[in-house]
Amino acid sequence: MTGGELRQRFLDYFRKNGHTVVRSSPLVPAQDPTLLFTSAGMVQFKSVFLGEERRDYVRAATAQKCVRAGGKHNDLENVGRTARHHTFFEMLGNFSFGDYFKDDAIKYCWELLTRELGLPKDRLKATVFQDDDDAFALWKKVTGMGDDRILRLGEADNFWAMGDTGPCGPCSEIHFHQGDHIACAEEQAGRRCLGPACECDRWLEIWNLVFMQFNRDASGIMTPLPKPSIDTGMGLERIAAVMQGKTSNFDTDLLHPLIAHVERLSKKRYGADVEHDVSMRVVADHARAAAFLISDGVTPSNEWRGYVLRRIMRRAMRHGRMLGLVEPFLWDVTKTVVDILGGAYPEIAEQHSRVAETVKLEEERFAETLDLGMARIREYLEAHAKELNRVVDGRFLFTLYDTHGFPTDLAQEVFQDAGWTVPAESLAAFEAEMDAQRERARAGASFGATDGGERSVAIYQQLSAQLPKPAFLGYRELAAPARILAMVAEGQRRPQARAGDTVEVILDRTPAYAESGGQMGDTGTLVGREGQGRIEDTYYRGAQLIVHRVKVTQGQLTENEEVAVSVESRRRQGLRLHHTGTHLLHAALRRILGMHVTQAGSLVAPDHLRFDFSHGAGLKDGEVDKVEELVNEQVQANIVVSPAEMDLQEALKSGAMALFGEKYGDRVRVIKIGDFSTELCGGTHLDATGQIGLFKVVSEGAVASGVRRIEAVTGEEALKHVGREEVALRESAGLLKIPPLELPHRLQKLLEEQKQLEKQLAQLEARLAKGRAQELVAAAREVAVVPVIAARLDGLDPDGLRSVVDTLRERLPSGVICLGGVVEGKVHLVASVSKDLTKRFQAGKLVQEIAQAVGGKGGGRPDLAQGGGPEPSKLDAALGAVAGWVERGAKG
Ligand SMILES: [Zn+2]
Ligand SMILES: [Zn+2]
């Protein structure tokens, strides 16, 4: 049975038993920003289990894509070294939300394994939590297994909890006997194999049933849940291995084609060399993780999810090198991932070009670093080969990182593979070097700077160290008194600025918002005792210094003086409208298109907003309308926009959307729009969504592969936009003298009529040309026994002239034809000579001569040629010369 059939069999079985088959949720968990990746089937149902959300089904089954790497399940180093560790895997699961409990869960499990999949009963054993007598009794009753086949295990193995508090309960596992020939570490150490309780694969755990039975409070007391639930999980790769009689997941049809792909690329055979086998498994596993993570919107970066992805890809690249793969190869292996899993998960097929591009780019970028770093590590290992304790010097890790950008975690793994250790002291030495380096960078920046740009960087670094961080008052105030702390122009402090000068002004406090988070900076005015200036822009410099670019318009401004600062309120209002509009749009896109949508870029301007987001395909018909409608519903509901300050962890826990790649401090600001949107954001927002009035999408399109862009307007700008469209509509309707709403219908009719008319016109023209042709043939002259037609037909373009010539050729099998005509002040000429005469007369030469006579050029084949010229007044004379040309030719 193939892995694909197995997946389908599982889902079909549970569908048949009243379960709703639910699609796999994305790998980036939508509900839980604190969770790195979706790591189990229950993740998408967490709020249902917690009773916070109701669905229209109480039984569900899924095949869930999962990634375990980084964070709690950090066993990346093991992947490739064992038969079963994966970063990416599929989890089959059935769920009951307060519906059936242990009884049916055990029944379904047993029936599926023994009847549907036909596993022999005598090779199965169950484990239960030591105190769970119910489960023990049920296993006996349902399966007929004896007491010796049902093991009671402790809390570590058979008790599950969602967290320190919340739902928890005993679980029960079913194990499959693969055989006692499989290696067991216990036995190798001279002890007895522990059977299903053993770490070895002799008794392979294949399915885990969790009985969510209790709610644990903060003091640890467990009370029974009113509606106990079921959550189960069975790794598809594992059960596929069992069904296919393989002792390694990598030998199943879900993974082996990837190994085969690597064999082809590397020209090495799997099974021939232990280290090469590890590398092939690493590449096979990591290609799957990379393909799935990228198609779910994760991009390689230096932070969080993006970093885990980057680490996975770089680890694969290193193992590729060990197989002799020097050119980018991982992107190519992802094709096989699509071949194997593109049917079950269409998103990886749809997004494959973006996946391949992303992987290849990362491979190209990292290649040099990888080669240099590995060479340095080899040198280090050679130089220290005689050392006995084999402890890596943290300072060497720093040099690797500092001079080559070689990632420290990858270096650690390389050293560990070579039998070296990287203890905490080494890492501390590494950190100390990093700190010293940062210090040197800070010091170096204030001196030795040369050009204006660098000098400007230097002065702001200096000022950030000297000045207090300016207070931002602009969430509440649009005007406030403040003191000028410093003024800067061309990288130098200026104690004073005069009318006409442009200076950058730093105040102790300001109502002006500095450009950040996509929102443009404020403009406004600054009034002192002896002068005033216009704030043209506000932005951050140095470490969070708010800088106002001020053009002094009158008198002078002086350091340390008190000034009145005010923000241009109309512009600010426009920014607020479009910023709140942006949050609504972001949330609406996720609801309509799916939770994989993440912000890729944003501009909040006073008169429009631009929002870039990751989404593989173009938006379908009606999707933009749906998004717009959903946003406008939120506008009409006039939801209060509530900002709050809280700890980052608290914010993430409350479900706030954080932007990956953004840096957040420990205290963050959260903008909550009812239940519709929660985002970490420092921007300025409306008090309630109703102020938007109207939200209107102006355009939607692609900006880069996998990235779409929406431009939209709100408030007055939206009304203006609609107004402009209405005027155009009214004017169009006015031209047709019909009500505007009849336009589409009428236009369609007009277009049909036009098509009809064009057809008739073409027929008429053809008939006309035929008629003229007849006249012309009748008027043909014989010159030296050669029939000659030379005539003028105005109003025909070269194509029209040629079609007349074609008709003439049919009626005048032997002869010379030259037609000329004038269109918009230009002469067009077409000449033709029948084949029997082309030895004596060439159409190309004829046109050349006639065209010269009208001041132009021409040429072509001996039997057909065309030309033209700018002097219509000479056309008649030129055509008159055709007969003479033929006569001369006949004599010559
Ligand atoms: Zn064992
Ligand atoms: Zn925002």
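Me: Which residues are the protein donors of the zinc ion (ligand 2)?
Reply: In this predicted model, the protein donors are H579 through NE2, H583 through NE2 and C681 through SG. They lie 2.0 to 2.3 Å from the zinc ion, and a donor is an N, O or S atom within 2.8 Å of such a metal, so these atoms count as donors.

Me: How are the donor residues of the zinc ion (ligand 2) spaced in sequence?
Reply: The spacing is H-x3-H-x97-C. H579 belongs to helix 18 (residues 569–593), while C681 sits in the loop between strand 24 and strand 25 (695–704), so the pair ties together parts that are 102 residues apart in sequence.

Me: Why is H579 called buried?
Reply: The relative accessibility of H579 is 3%. Buried means under 20%, so H579 falls in that class.

Me: What makes C681 buried?
Reply: C681 has a relative accessible area of 11%. That value is under the 20% limit, so C681 is buried.

Me: How do you know that the length of helix 18 agrees with what its residues should span?
Reply: Helix 18 has 25 residues, which at 1.5 Å a residue should span 36 Å.

Me: Why is the site of the zinc ion (ligand 1) called tetrahedral?
Reply: The 4 donor atoms make angles of 106 to 116°. Four donors count as tetrahedral if all angles lie between 85 and 135 degrees, so the site is tetrahedral. The donors are the SG atoms of C184, C193, C198 and C200, at 2.2 to 2.4 Å from the zinc ion (ligand 1).

Me: What parts of the chain does the pair C184 and C200 link?
Reply: The donor spacing at the zinc ion (ligand 1) is C-x8-C-x4-C-x1-C. C184 lies in the loop between strand 7 (166–177) and helix 6 (185–188), and C200 in the loop between helix 6 and strand 8 (203–216). The two residues are 16 residues apart, and both are buried.

Me: What makes strand 22 and strand 24 the edges of their sheet?
Reply: The sheet is open, with 3 strands in the order 22-23-24 and antiparallel pairing. Strand 22 (641–647) and strand 24 (677–680) each have a single partner strand, so one side of each is left without a neighbour in the sheet. Neighbouring strands are turned by 25° against each other on average, direction ignored.

Me: How do you know that strand 22 and strand 23 pair?
Reply: There are 7 bridges joining strand 22 to strand 23 (residues 667–673). Pairing takes at least two bridges, so the two strands pair. A644 has V670 of strand 23 as its bridge partner.

Me: Why is D103 called partly exposed?
Reply: D103, in helix 3 (residues 102–116), has a relative accessible area of 29%. Buried is under 20% and exposed over 50%, so D103 is partly exposed. Leaving aside neighbours within four places in sequence, D103 is in contact with L138, K141 and V142.

Me: What makes S279 buried?
Reply: S279, in helix 9 (residues 274–295), has a relative accessible area of 0%. The limit for buried is under 20%, so S279 is buried. Not counting residues up to four places away in sequence, S279 touches H319, M322 and L323.

Terms used
Residues numbered from 1 in each chain as written. Chains lettered and ligands numbered in written order. Predicted model: local features only at pLDDT ≥ 70, side-chain atom pairs only at ≥ 80, totals over all residues. Heavy atoms only, no water. Helix = DSSP H or I, 4+ residues; strand = E, 2+ residues; numbered from the N terminus. Buried < 20%, exposed > 50% of the residue type's maximum accessible area, 1.4 Å probe, protein only. Contact = heavy atoms within 4.5 Å. Axes fitted to C-alpha atoms, helices over the stretch in contact; angles between N-to-C directions. Donors = N, O, S within 2.8 Å, 3.2 Å for Na, K, Ca; no water. Tetrahedral: all angles 85-135°; square planar, octahedral: opposite > 155°, others 65-115°. Expected span 1.5 Å × (residues − 1).
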